[in-house]
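Visitor: Could you walk me through this one, and tell me what stands behind each label you use?
Guide: Happy to; have a look first, then ask away.

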Amino acid sequence: MKQEDCTDSLKRLHVCSDFDAFGDIDIAIEAVPENEMLKKNIMKQLEKIVPSSAILASNTSSISITRLGSAVEDPTRVVGMHFMQPVPVMKLVELIRGHATSEEVFSTTKELAER
């Protein structure tokens, strides 16, 4: 990566310790350890804060997206977006629909992954 690209990328990262900082986003991608209750808890908290149009994505590799979606009021906006490791080498993202994932959410997530 060129130094300029690295610097530009770092400028777009914001570290925070409060969910309220996520109030104005289009997509949230959680990437916490593979603990279903933890992931559901985060999804519930995010749903209360982010716009109703925001996508709630999980980077899970083993937990059902349908089960994660059951934790929120609107499971149509929950999708799986599993980034393969190591990310800089494996330019592959697995997209997973839950039973309720809407076509619009899936298509938008796919477009983002392709970009």
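Visitor: Why is His82 called buried?
Guide: Buried stands for a relative accessible area under 20%, exposed for over 50%, and partly exposed for anything in between, with a 1.4 Å probe and protein chains only. His82 has a relative accessible area of 14%, so the label is buried. A word on the ground rules: this is a predicted model, where local features need pLDDT of at least 70, side-chain atom pairs count only at pLDDT 80 or more, and totals for chains, interfaces and linings use all residues. Residues are numbered from 1 along each chain as its sequence is written, and side-chain values use heavy atoms, with hydrogens and water left out.

Visitor: Where does His82 lie, and what does His82 touch?
Guide: His82 lies in strand β3. Helices (H or I, at least four residues) and strands (E, at least two) are DSSP runs, numbered from the N terminus. Contact means heavy atoms within 4.5 Å. Not counting residues up to four places away in sequence, His82 touches Ser58, Asn59, Thr60, Ser61, Leu92, Val93, Glu94 and Ile96. Take Leu92 from that list: His82 and Leu92 are ten residues apart in sequence and 8.6 Å apart in space, C-alpha to C-alpha.

Visitor: What makes Ala71 buried?
Guide: The relative accessible area of Ala71 is 15%, so Ala71 counts as buried. Ala71 lies in the loop between α3 (65-69) and β3. Setting aside residues up to four places away in sequence, Ala71 touches Lys40 and Lys44. Met37 is 34 residues from Ala71 along the chain, and their C-alpha atoms are separated by 9.3 Å.

Visitor: Which residues of α4 are buried, and why are they said to be on the same side?
Guide: Val105, Phe106 and Thr109 are the buried residues of α4. They cover an arc of only 95° around the axis, so they sit on the same side of α4. That arc is taken from the directions from the helix axis to the C-beta atoms. Over on the other side of α4, Glu104 and Glu114 are exposed. The cover for the buried residues of α4 includes β2 (55-58), β3 (78-83) and β4 (93-97).

Visitor: Why does Phe106 count as buried?
Guide: Phe106 has a relative accessible area of 15%, so Phe106 is buried. Leaving aside neighbours within four places in sequence, Phe106 is in contact with Val79, Leu95, Ile96, Arg97 and Thr101. Leu95 is eleven residues from Phe106 along the chain, with the two C-alpha atoms separated by 7.9 Å.

Visitor: What volume does the largest pocket have, and which residues are the closest to its centre?
Guide: The largest pocket has a volume of about 460 Å³. Of the 17 residues that line it, His14, Phe22, Ile27, Ala28 and Ile29 are the closest to its centre. A pocket is an open set of points on a 1 Å grid over the protein atoms alone, where a 1.4 Å probe fits, with protein on both sides within 12 Å along at least five of seven lines; lining residues have an atom within 4 Å of a point. Grid points are joined across faces, edges and corners, and the volume is the space filled by probe spheres set on the points.

Visitor: Which element gives the most to the lining of the largest pocket?
Guide: β1 does, with four residues. By class, the lining of the largest pocket has 14 nonpolar, one polar and two charged residues. Here Ala, Val, Leu, Ile, Met, Phe, Trp, Tyr, Cys and Pro count as nonpolar, Asp, Glu, Lys and Arg as charged, and the others, Gly among them, as polar.

Visitor: Which peptide bond is cis?
Guide: The one from Gln85 to Pro86, with omega near -10°. Pro86 is placed in the loop between β3 and β4.
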